[in-house]
Amino acid sequence: MKKLLSVKNILISFAVLILIWQLIYTIGGFNKALFPSPYDAVSALKELFTEDSVLTDVGASMARFAVGYISSVICAVFLGLILGRLKNIFQYINPVIQLLRPISPMAWLPFIVLWFGIGDIPAVVIIFIAAFFPVLLSTVSAVGKIDPIYTKVSKSFGIKQPQLMWKIILPAAFPQIANSIHLALGTAWVFLVAGEMVGAQSGLGYLIIDSRNNLRADTLMAVIIIIGLIGLLLDTALGLLEKQILKTWGEN
Amino acid sequence: MYIEIQNAGKKFIQNGTEFTALENVTLSIEKGEFICLLGPSGCGKSTLLNAIAGFEPVTEGSIKIDGKEVKEPSIKNVTIFQNYGLLPWRNVLKNVELGLESKKISKDERKKIAEKYIDLVGLSNFRNSHPLQLSGGMQQRVAIARALAVDPDIIFMDEPFGALDAITRIKLQDDIRKISRDEKKTIIFVTHDIEEAVYLADRIVVMTPNPGKIKSIVSVPIHGYRDRTSGDFLHVRNQIFEIFNMKYEPDIEYII
């Protein structure tokens, strides 16, 4: 697979998107307050950066995201490695996981607000839940699928826990775990905005609500663009990191 | 005797029916001997090896190494597998160091020992390469270096050259014979290749399937260099062909 996101492809596809957007706006003759033009969105974007301090909100969102996502991934991988080795116990835990997994993190929001109050925590907890289950289940499955030869080699050389986990099982399962960590990034980013739309007084989700309350469709669109761009950047950055790690393994 | 196997047997339950993988195996092995377990697939040669190595102990009889019953793999012995079992995320040097990490030796010492054995298998230029960048033969050399580095008493080899091409296989056979003589290790080597067994072994344990058992034990009385085309070599090879009833009999009776 060649680079999916070459600069040329990105520019062309964004140019076409903006062109279509402009066409719909021109032909449709929509009200500016309901459907802003690309120009309106870009000037709102400019306004966000110059007059409002949008970077503070971006920073607040990123901080919440980092805390929620990283802690979730660490917990999920750690628990997944242990449960992956304890198949007998996992049999009993799996039904509960399968019950909890399809519940949207947003459904827990009323409880989260009741228990933790408003502020940073609801968004962090929502992100934590969003990333947790996919990474946990994928880690358990990755540990189960490790080539049995690694276990035999470890036995042959007398490698015991906890070295076995750290030196053999984690790296052997890593490619599949990394894949799920990557996928969970997108999911978690989606729920960041949702989490911040309730209770938060800063951040990108808060800006969405704020724009709505002020009837600023142009600002709303500008914030949506920022959310998309940051999501894209995060995804690309993690993809590069993943590739770099796998490269040091001599894999292509 | 160093390794003492007495009336060893192994039964599996497979889909509700009992399956005998190994039956009534009695064998004694001396220290420093090179033993080949030879036979067609299903003859229990790998089962026997896994039992002696302690991965899957026998269900009947007993296997003792140095007077002690084998119950689990011992770090004094090392197994080399057909598919190498190298860790792809570690480079050659780190792979060879793997077995040394469980021992209480300093980092520098570890590196020195690893480099010595990488040198011995002729891979000094590849110590920083990763296993997937190497050919099959080179990967198996790394596995051999890794096994030798921990200075084991016994090396178990489970069809180690089965996945290699003929020329590479012959080269590695030469290497392993030299190593067995220079390092004075006891080696138990599983193979289905008759010539390989005759070239390597001090004694060949010929096994037959259904159920897996020892058919006979053939000594290879050739000392020093073994020429694959010499009369002695062909004589032993002939003996094994006879055991397997694979020799062409010209005076066969015709049945119409």
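I started at Arg90(B), which touches Lys167(A), Asn95(B), Leu98(B), Glu101(B), His130(B) and Pro131(B), leaving aside residues up to four places away in sequence. Contact here means heavy atoms within 4.5 Å.

A note on my source: this is a predicted model, where local features need pLDDT of at least 70 and side-chain atom pairs count only at pLDDT 80 or more, while totals for chains, interfaces and linings use all residues. Residues are numbered from 1 along each chain as its sequence is written, chains are lettered from A and ligands numbered from 1 in the order in which they are written, and side-chain values use heavy atoms, with hydrogens and water left out.

Is Arg90(B) buried or exposed? I found it buried, because its relative accessibility is 11% and buried means under 20% (exposed is over 50%, partly exposed in between; 1.4 Å probe, protein chains only).

Next I followed its side chain, which makes a polar contact of 3.0 Å with that of Glu101(B). A polar contact is a pair of N or O atoms within 3.5 Å; within protein, one must be able to donate a hydrogen and the other to accept it, and residues adjacent in sequence count only if both atoms are side-chain atoms.

Glu101(B) also forms a salt bridge with Lys167(A), at 2.8 Å from N to O. The term needs a side-chain nitrogen of Lys or Arg within 4 Å of a carboxyl oxygen of Asp or Glu. I counted 1 salt bridge between chain B and chain A.

Last, I looked at the whole interface: 26 residues of chain B are in contact with 17 residues of chain A.
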